[in-house]
Amino acid sequence: MRTKFFRLSFVLIFVHMFSFGQSEDMVRINGARYIPLYGRDSTVVEVKDFDLDKYPVTNEQYMEFVRKFPEWQKSNAKKIFADGMYLRNWKNNFELNDGADLKSPVTYVSWFAAKAYCDCQGKRLPTMDEWEYAAMADETTKDARIKKSYNEKILSWYEAPRSNENQIGQNPKNYWGVYDLHGLVWEWTSDFNSVLLSGESRKDKDGDNNLFCGSASLGATDLMNYAAFMRYAFRGSIKANFAIKNLGFRCAKDIETP
Amino acid sequence: MKSKLKFTVLIATVFLFSCFKEKKEKYTAAEDIPVSQEMIAELTAPPHVPKPVGKRKAKKLIVKMEILEAEGEISNGVRYVYWTFGGSVPGSFIRARVGDEIEFHLQNHPDNKLPHNIDLHAVNGPGGGAESSFVAPGHEKVFSFKVLAPGLYVYHCATAPVGMHIANGMYGLILIEPEGGLPPVDKEYYVMQGDFYTVGANGERGLQPFDMQKAVDEKADYVVFNGSVGALTGDGALTAKVGETVRIFMGNGGPGLVSSFHIIGEIFDKVTVEGGSLVNENVQTTLIPAGGAAMIEFKVDVPGSYVLVDHSIFRAFNKGALGLLNVTGDENEKIYSGELMDNIYLPEGPGIQRMPTTSEIKESDIPAKSFEEQMKFGKQIYGQTCIACHQAEGQGIPNAFPPLAKSDYLNADVDRAIEAVLFGLSGEITVNGEKYNSIMTAQMISQEEVANVMTYVYNSWGNNKTVVTPEMVKKVKEKRK
């Protein structure tokens, strides 16, 4: 009887994990308070615990998605949701261009498309603060931003051509067990343009709040963090229907409390 | 008498007035100048410039500028990822006139990783166009502006981190000519200085990433004209004929350093100070601020090679800020006797000079394994160390620096030649029948490098094909001790 009970509770726990917990493609990121380069208030930001995809979404996974949701197939996607560059490295709805790799991150996807993909998986896009939080880790530390090697590695990627054609998972995983946050492609976040465009961030400053010339440094917390400057600058330059060669995405998920 | 004068003035005024009316309307404000037609702007890569505007009317000028991030060679064997306006460093030259309405198309190539924008110093408006031109990869932004003031202006990328975008080569010049154009000259060239910061030291081979810390400290590894060491030497040298007037549109992209621009052996007849309306005359060295420019005009009187330098002179001889203007034509001994060279090369006066030996000489990272490698590495060292005086083809500079090409002096005695490289050489020597009385400094390069560069020299330009080994160099060095 006693063993049976044990067994039952074991099964229950297992079922529970299966239905509410993280899937094996995701890892748990333990939240904390930190100061991003640009926050919505340029001060401390709190990130709650969340799950994040280990890898960026691949061409293969995205192809599976468009099979189920024809409205996102290359020939069907609406221009207002994905511009003319949408899936440009795909030959047609179900085939990649010669030389493109199924295991490479999917790029040339708009924010709308990325959001739809995550929604359909029961997930969502990570927020910018979540993404930056997970991405400030290197292989051994949660916050590696002060390390010279961390910054140099990221900067060298910014100068490396055609990295979007590499396969996922070839860069070492970081402290959380997440791969390729740096070194492969830029990634969409749910609120990618909030630093530049939200009403909130404007009210804090009397002058321009943008990323040009002097104003670029006004709101920043760490002037040496050139790598982060470039990420925020990139996010500021894009719109939700843009599909860009070096821009992919991955999904995140809230932790459900039963 | 007085009334007579008054009368004359009145007549003159009436005459002038009627004259104006007949010709055309004068606009007091540049913004009122109407534009007649559309025209696609001619863009050129350095050192060339587009055709002068001449007497053309103000137009709607369409400028299409493409941004390209691409790998190139900053010095022999040293690669660097440049970010460029139009595929060159400095970026494409834009030529317009006062009153033009410029419709600017900024196109960010889809292969690029980064967003960019453009801040043109010729624009009156917030950000100089930067705000309206911030463009993602694979997109094009269009904005337009009215050209109000004549002058030579810098443009550059102003996307965060601004310093890095400029340090990677994102700058160029836009010339705004006054109504009727600039006075015509015989030759016009486009030169721009820039400083580069690499993780490896100057000359370290391979692909060199940008070094953020060095850039912040303003410790440049390369200071160059037109984007790379040697861009204006050899085949890239500027040319002119005796008697011609040359105009150089000279800019400085920075990001960090101010240029003391000088041409060895030439006095600038006219310099438009900082690219504006003030004209200075008879200038030896003109200061060009980072993010500034100047128009420099001079007539060349005597044939020969004129060396463009940043007269912060170590930048010229050790970091690459060196270019050539080759002038051909008949000698004019009234102006230049042809006897001696400018002393500028020898700021510390006569005597054998040695570079300070603060640190040990680093052996070349990769020793040459074959003759081919010796030649390859030797050529790199030649390009860094010897080319300034002995020139690209070993031809030297008459009366100043003896030739290495087909040189009897060189071919006669290899140990003597090794000694000259190791310890320097001074006093009168005769090379190919010409007397030289000059000073060569001791070269602070490793034994391996001496062997490579001398092998290169001996196996080029008709010399006797001696192969110099590090052992031979060592022997000469020890003999002297």
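Here are some friendly notes on this predicted model, taken one topic at a time.

1. Let's begin with chain A as a whole. Chain A holds nine helices and nine strands. It has 258 residues, and 40% of them count as buried. If you take the contacts in chain A between residues at least 6 apart in sequence, 73% of them join residues at least 24 apart.

2. Now look at helix H4 of chain A, which covers residues 128–135. How many of its residues are buried? Eight of the eight are, so the helix is largely enclosed by the rest of the structure. You can find them one by one: Met128(A), Asp129(A), Glu130(A), Trp131(A), Glu132(A), Tyr133(A), Ala134(A) and Ala135(A). Notice that Asp129(A), Glu130(A) and Glu132(A) are on this list of buried residues.

3. Pro70(A) sits in the loop that runs between helix H2 (59–68) and strand S5 (90–92) of chain A. Is Pro70(A) buried or exposed? Pro70(A) counts as exposed because it has 11 C-beta neighbours inside 10 Å, and a residue is exposed if that number is 12 or fewer. Pro70(A) is also 23 residues from Asn93(A) in sequence, while their C-alpha atoms are 9.0 Å apart in space.

4. Moving to chain B, you will meet three domains. Domain 1 spans 30–185, domain 2 spans 188–331 and domain 3 spans 371–480. The C-alpha centres of domain 1 and domain 2 of chain B are 20 Å apart. Where these two touch, domain 1 of chain B contributes 32 residues and domain 2 of chain B contributes 41 residues.

5. Which elements of domain 1 of chain B give two or more residues to the side that touches domain 2 of chain B? They are strands S2 (60–75), S3 (78–85), S8 (151–156) and S9 (171–177), together with helix H3 (162–167), of chain B. S8(B) gives the most, with five residues. By residue type, this side of domain 1 of chain B divides into 20 nonpolar, 10 polar and two charged.

6. S13(B) pairs with strand S21 (residues 322–328) of chain B in the parallel sense, over four bridges. Within S21(B), Val327(B) is the bridge partner of Ala240(B).

7. Finally, see how the two chains meet. The contact takes 21 residues from chain A and 24 residues from chain B. On the chain B side, helix H2 (130–133) and H3 of chain B each supply at least two residues. The residues on that side of chain B comprise 17 nonpolar, four polar and three charged.

Note on methods:
Residues numbered from 1 in each chain as written. Chains lettered and ligands numbered in written order. Predicted model: local features only at pLDDT ≥ 70, side-chain atom pairs only at ≥ 80, totals over all residues. Buried ≥ 20, exposed ≤ 12 C-beta atoms within 10 Å, placed from the backbone. Pairing = 2+ DSSP bridges. Domains from an automatic or database assignment. Contact = placed C-beta atoms within 7 Å. Nonpolar A, V, L, I, M, F, W, Y, C, P; charged D, E, K, R; others polar.
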